[in-house]
Amino acid sequence: MTDSAPSPRIVGNELARAGVTDVFTDDGSRARYSSDASLYRLLPAAVVRPHDEGEVQATLETARRLGVPVVARGAGTSVAGNAVGTGIVLDFSRHMDAILEINPETRTARVQPGVIQARLQDAARPHGLLFGPDPSTMSRCTIGGMIGNNACGSRSLGYGRTSDNVLGLGFLLADGTGLAVGSVGCEPTAADPRLGRLQSLINSNLATVRTELGRFDRQVSGYALEHLLPERGFDVARFLVGTEGTLGVTTEAEVRLVEAPRCTRLVVLGFATIAHAGDATPSILDHAPTACEGLDARIVDVVRQRRGPAAVPELPSGAAWALVELAGDTAAEVETAAAQLIKSVDAVDARMITDTTEAAALWRIRADGAGLSGRSTNNRPAHAGWEDAAVPPQALGRYLRRFDDLLTEHGLSGFPFGHFGEGCLHVRLDFPLDRPGGPGRMRAFLEDAARLVGEFGGSLSGEHGDGRARSELLPLMYSTRALQLFAGVKEIFDPDTLLNPGVLIDPEPLDRNLRVPAASSVRAQLAFAYEEDGGSFTQAVHRCTGVGKCRADNDHGVMCPSYLASRDEKDSTRGRARVLQELVNGSLITDWSSPAVHDSLDLCLSCKGCASDCPTGIDMATFKSEVLHQTYRRRLRPITHYTLGWLPRWSALASLIPGLVNGIMQSKMIAPIALQLGGIDARRRVPVFARQPFRRQRRKLARAGDDVLVRPRVVLFVDTFSEYFSPQVAHAAVRVLDACGYHVEFVPKRRCCGLTWITTGQLDAAKRILRETVADLLPYAEAGIPIVGLEPSCTAVLRKDSVELLQQPEAQMVAEHTFTLAEFLERSEWTAPDLGGLHVVVQPHCHHHAVLGWDTDRRLLQRLNVDLTVLSGCCGLAGNFGVERGHYETSVAVADQHLLPAMQAHPDAVVLADGFSCRTQLADLANRESRHLAEILSDALTHAADTPMPSTAESGDPRGLNRD
């Protein structure tokens, strides 16, 4: 390697000259790849997304010529700093992601390194097979990344580690030489002279290998040289698994598939403490489980707080739990085994879970553990760094107690969880990295923790690898002789230290290149409170730890629709957070108005899906509004900020002459010009203004008499969309509330929540609007009168954004008295009509899902006895996003994920969409009418009161709800 590193521009040019086609050297890309899921930040010179082995080889040759290091990266979920570096980062997840072959007869698969683990599972499942290792990041981690770290997952008790399931590897060495080992290669000594040298090195150090390596299953630290012992057949493929990209680059792998279990049951055992769960682990292992996971109550409490009590199924009593999975051929066999387990283990309480939905919810909590534990008990950031130690399972309980004592001694806290069946403990700790002396305190703890693990004969790493977090600590685990042996192996494969330098061999100090201490405090006057982050925008954006759930194919939420549309790290929540982290760092990106910042945020739909679905609680919609506010405050703004951002004002004016406005906007001559001038995509159909706004109609239809003294009062908040575009929704809500025995009232003046100003970053104006709205709603809240919202996004503003923007107790009081229609009806005594036989497809609004929670609506619809199909994901319109010029293709691509396929699959169903954006998208792209919940309830109550219902046999739509 050269002493002076070439500039990113030179590296990019040389790579292009070598025929590498997908190369990035811009500031935004370098920022996005500057960190993985670890504490570390190193700016790469270039990012390469290779298409094939030839481009990988060309990259290695260019790197060697320039003296630039190379780091291989899968999904960037590495927790120990294994996938970051200052040279070239190879991202395999974009192009080299093909499943080359599934062979059911041999139970094997051939894959490229960028294949996502869950995709391989999907391909193997029709054959009754699966790939055994299942890390918690399986929905986005790649097979190449799993090979790099020797990933294990929850079910390694049943199916082994990655190294137990790799049969062969196609490998490129630092000099560009190909090396095929295992089932895809030939005899080891004949394939490459380096393998002969490796064999001689091992034969000269047999005693060291036999006594220090492979002592228990989760000993992952260092090189797994035990696989090269003569008695193990000199298995080079298994040895290369877990070498963390320091010896070569995987370009292909052949892996073993195993038979999927016919039946499984989850047993949850409750314990007084997490240490007691550790004590019970050996007796649990006597029952041969396929998984035995430990979970602390504090993580469960975070889920309840963030996602609501309904997100956590009923758990046995206790402050910690063991999640134990048993597998067998029949339900009777497994349930008998479960009963024996419960009887024999000394637990406080126990429960066998037979409902697959409940079991999936509990496994989801466990899988999100790394993100959910990202805040400590005192609401400070909790970090990786010591999240992966392992000890023999027989010592786990004793180790947990000593570990807890060590935390107390160092003044730290964390929520432990992990693979208890194999003695592997995960935990994130609140190292004070943002304070003076913080890195030094982290170092002191890590050194003591490493010594503690050594006392128990454990391993610094149980599955994540050593990376930059633990490589420096290896002398506390291994002898000098073993460390010299590791260095000798590195010399054979990578004598110029080109591959992932600073990891395992000649490690960099563990407290160097830390991401958080490099951050500075933003000095601008912030618009939002960021109360959960101590008022700090810096802490808020550093909530993103990089676990990458935003890159997952999400069937249980919304996040992250733009990434699902583009499959580009740039458009993931994590990618955006990394750029914002560089903004607060102030070295690479120095200004709110930086093109890198705005390019990264451009395709953010402000759906708020990340606010609920991201385990760490990132709220990118809020960050985007803050960036737009800081960039354009007191400056000329993009045209759409005035057209779409001021939509409520223009709607009020248009309501005076709706016929003329509708005629103009439907004109084939005038409309395209108007849309072009307004920054709106000409392919969009402009929604039609109602002939009369709701309030004008309401005054004409007002019911005589005043029963306010005898009927309970409720305030209906009629938003801009219900007022000017969909007044039928507000009328329907009035009928429903009236039928349920309530006196419906409205604020004296038409008020707005300021949503369109918020999403376009006009936050000073949004605050003025919200102050007026809150002031008008406050008397009702003070009197205990419920406020019912109709438009989910507007209701969400009253519940959340108004509190964060105004920072006033009045806003908090209004928020506490604001409800969705479903929430209000659940609190009320009313008789739900029976809509049995009606099929309803629901597109929950993103803000409804993320801020308000949709479980109440689900329960209400279940009470109606409908046949329910609930869609995941965003509709793709997302307020002004899908209307703006430049976003149309992404908007359609998002709709193609879930919404449009569902419309094709269920052509006769009633479509329920409370969000005006969702209804607009359905009409525009699917030519499909959709209804608000209020409309469905209103029609159902009217039919129930006035008309006998036709039977299902007489009508495919027995309630008359699927009207044109």
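This is a predicted model: local features need pLDDT of at least 70, side-chain atom pairs count only at pLDDT 80 or more; totals for chains, interfaces and linings use all residues.
Which residues does Thr818 touch, not counting residues up to four places away in sequence? The residues are Ile787, Thr795, Leu798, Arg799 and Glu823, where contact means heavy atoms within 4.5 Å.

Residues are numbered from 1 along each chain as its sequence is written, and side-chain values use heavy atoms, with hydrogens and water left out.

Thr818 is found in strand 21, residues 818-820; helices (H or I, at least four residues) and strands (E, at least two) are DSSP runs numbered from the N terminus. Thr818 is buried, with a relative accessible area of 1%. Buried means under 20% relative accessible area, exposed over 50%, and partly exposed in between, with a 1.4 Å probe and protein chains only.

I turn next to the nonpolar cores. A nonpolar core is a set of buried Ala, Val, Leu, Ile, Met, Phe, Trp, Tyr and Cys residues joined through side-chain atoms within 4.5 Å. The largest has 103 residues, and among those touching the most other members are Leu225, Trp386 and Phe445. Helix 17, residues 438-455, gives the most to this core, with seven residues. Apart from it lies another core, of 68 residues, including Ala540 and Leu763.

Helix 22 spans residues 573-585. Its 13 residues reach 18 Å from first C-alpha to last, close to the 18 Å expected at 1.5 Å a residue, the expected span being 1.5 Å times one less than the number of residues. Because 13 of the 13 residues of helix 22 are buried, the helix is largely enclosed by the rest of the structure. Just after helix 22, Gly586 takes a positive phi of about 80 degrees.

Leu201 lies in helix 8, residues 193-203, and is partly exposed, with a relative accessible area of 22%. Leu201 and Val489 are 288 residues apart in sequence, yet 7.9 Å apart in space, C-alpha to C-alpha. Leaving out residues up to four places away in sequence, Leu201 touches Leu485, Gly488, Val489 and Ile492.

Finally, I come to Leu656. Its place is in the loop between helix 27 and helix 28. Leu656 is exposed, with a relative accessible area of 61%.
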